[in-house]
Amino acid sequence: TTQLSERINSMQTSQTLAMAAKARELRAEGKDIIGLSLGEPDFNTPDFVKDAAKQAIDDNYNGYTPVDGYVELKDAVITKFKRDNTLTYNRNQIVVSTGAKQSLANVAMVLLDKGDEVILPCPYWVSYAEIVKLGEGVPVEVATSIETDFKMTAEQLRAAITPKTKMIWFSSPCNPSGMLYSKEELRALADVLVDYPNIIVVSDEIYEHINFVGEHFSMAQFEDMYDRTVVVNGVSKAFAMTGWRIGYIGAPEYIARACNKMQGQITSGANCIAQRAVITALEAPVSNIQFMIDEFKKRRQLILGLLNNIEGFETTEPQGAFYVFPNVSSFFGETLRGHKIENATDFSMFLLEEALVATVTGDAFGNPDCIRISYAASQDQIKEALQRIKDVVS
Ligand code: PLP
């Protein structure tokens with residue numbers, strides 16, 4: 001390891017992936033683990049999308065694609081932004097990437113200089129802080145609590161801004177809390193930013209369609225924020241296409257051009273077959289995927305009901321995505337079945353070892369009091385998992 005760079009040595013392993021690996025290991029030992037740790041829909045990719053991919057293979061889509069994506073895909077993205085978000089972009093403002101994760105990495109690479117600060121309202125998606133650090137930026141965590149539904153307030157934002165603040169990154173619906181910023185809440189944040197015209201907002205909207213309250217609003221929809229907001233989206237969650245690896249941004253043109261340049265030296269265009277399939281996915285009416293959202297909503301009710309039935313878990317009602325993020329700090333200081341529980345990481349490990357249920361510690365998301373439980377699992381699995389959890393904590 002002495003030959004490895006400072007960059008990789010200081011990077012943390014993705015804790016969601018680490019938990020999944022640990023669960024696989026225990027499964028290989030013959031243990032019956034229920035996995036509620038991954039951020040991955042348990043549905044199959046819809047048939048109409050799979051058919052488009054098969055057709056693309058037969059039509060010999062096999063060469064390098066334009067770095068920023070096929071024109072037809074960029075046009076489908078433009079149409080989607082217009083249809084779903086009333087956002088207008090031209091082709092030079094769209095960059096298709098190998099997943100929203102790469103979109104975020106591009107943005108970090110092209111906007112950050114050493115020491116630039118990026119405000120991350122906690123809890124935030126695991127990779128944000130590490131991607132920012134990779135761009136030599138400094139993550140600035142803003143702690144939020146269950147009292148404000150895990151959302152950053154205007155006052156908190158103002159207090160976190162320094163002369164070095166370059167960006168704010170957040171997801172809405174939020175992974176892991178499931179909370180949604182309303183138009184009014186976003187306006188309150190935007191009103192602070194009016195005083196700081198150089199700060200750029202990265203609005204990660206990958207869970208846009210997995211919304212149970214029906215009022216998705218994007219920061220870019222405010223006229224005065226459009227020119228300084230990068231909207232990140234993708235098909236992984238809404239279309240159950242995590243492994244296909246397609247994400248995209250709608251951004252101010254100079255940022256999109258820079259991302260295109262960056263990507264051109266690192267990965268080039270995203271996979272050609274996946275891109276063709278995504279054209280079909282994005283052009284389809286959202287009603288085609290409504291069945292998944294309806295099912296997630298049922299599971300949300302199920303898991304909330306079961307969790308609220310176990311003493312010690314404090315919950316909020318998530319408005320989107322497919323996670324619950326209960327506060328479990330009431331267990332800290334206790335010894336359960338011989339395990340001393342000092343923090344959320346201990347608790348999550350305890351659940352894995354004793355209940356054989358995989359969750360993720362809130363520490364991974366910048367919140368040490370909570371754990372994230374994914375309900376992208378069948379209702380039977382959810383029931384069984386929550387029964388096991390109840391048994392081991394009671
Ligand atoms: N942003 C958030 C908030 C996510 O939860 C995820 C996936 O877990 C991503 C981005 C990455 O998505 P993709 O599969 O498109 O890289």
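How many helices and strands does the secondary structure of the protein chain come to? I counted 14 helices and 14 strands. Here helices (H or I, at least four residues) and strands (E, at least two) are DSSP runs, numbered from the N terminus.

**Ground rules**

I am working on a predicted model, where local features need pLDDT of at least 70 and side-chain atom pairs count only at pLDDT 80 or more, while totals for chains, interfaces and linings use all residues. I number residues from 1 along each chain as its sequence is written.

**Whole chain**

Along the principal axes, the C-alpha atoms fill a box of roughly 60 × 55 × 50 Å.

Next I checked burial. Of the 394 residues, 47% are buried. I call a residue buried if 20 or more other C-beta atoms lie within 10 Å of its own, exposed if 12 or fewer, and partly exposed in between, with C-beta atoms placed from the backbone.

Then contacts. Two residues are in contact if their C-beta atoms, placed from the backbone, lie within 7 Å. Among contacts between residues at least 6 apart in sequence, 73% join residues at least 24 apart.

**Domains**

I found two entries in the domain assignment: domain 1 (6-44 + 289-393) and domain 2 (61-284). Such bounds come from an automatic or database domain assignment. The domain centres, taken over C-alpha atoms, are 26 Å apart.

Where do they touch? I find 35 residues of domain 1 in contact with 31 residues of domain 2. On the domain 1 side, helix 2 (15-28), helix 12 (290-308) and strand 9 (323-324) each supply at least two residues. Helix 12 gives the largest share of that side, five residues. I sorted the residues of this side by class and got 16 nonpolar, 13 polar and six charged. Ala, Val, Leu, Ile, Met, Phe, Trp, Tyr, Cys and Pro count as nonpolar, Asp, Glu, Lys and Arg as charged, and the others, Gly among them, as polar.

**Ligand shell**

I listed 13 residues around the ligand; Gly99, Ala100, Lys101, Gly234 and Ser236 come nearest. A residue is near a molecule or strand if its C-beta atom, placed from the backbone, lies within 6 Å of it. By class, the shell has three nonpolar, eight polar and two charged residues.

**Sheet 9-14-13**

I traced an open sheet of three strands in the order 9-14-13, with antiparallel pairing. Strand 9 and strand 13 (360-361) are at the edges with a single partner strand each, so one side of each has no neighbour in the sheet. Two strands pair if DSSP finds at least two bridges between them.

Strand 9 pairs with strand 14 (residues 371-374) in the antiparallel sense over two bridges. I see Tyr323 opposite Ser374, and Val324 has Ile373 as its bridge partner. Strand 13 is also joined to strand 14 by two bridges, and these strands run antiparallel. Thr361 stands opposite Ile371.

Which way do the residues of strand 14 point? Ile371 and Ile373 point one way, Arg372 and Ser374 the other, and all are buried.

**Strands 2 and 8**

I moved on to strand 2 (residues 94-97), where Ile94 and Val96 point one way and Val95 and Ser97 the other; all are buried. Strand 2 pairs with strand 8 (residues 247-250) in the antiparallel sense over four bridges. Val96 has Tyr248 as its bridge partner in strand 8.

**Two single residues**

Is Lys340 buried or exposed? Lys340 is exposed, because 11 other C-beta atoms lie within 10 Å. I place Lys340 in strand 11 (residues 339-340). Leaving aside neighbours within four places in sequence, Lys340 is in contact with Thr335 and Asp346. I also checked Ala159, which is 181 residues from Lys340 in sequence and 37 Å from it in space, C-alpha to C-alpha.

Ala143 lies in the loop between strand 4 (138-142) and helix 7 (154-160). I have Ala143 as partly exposed, because 14 other C-beta atoms lie within 10 Å. The C-alpha atoms of Ala143 and Asn367 are separated by 7.5 Å, though these residues are 224 apart along the chain.
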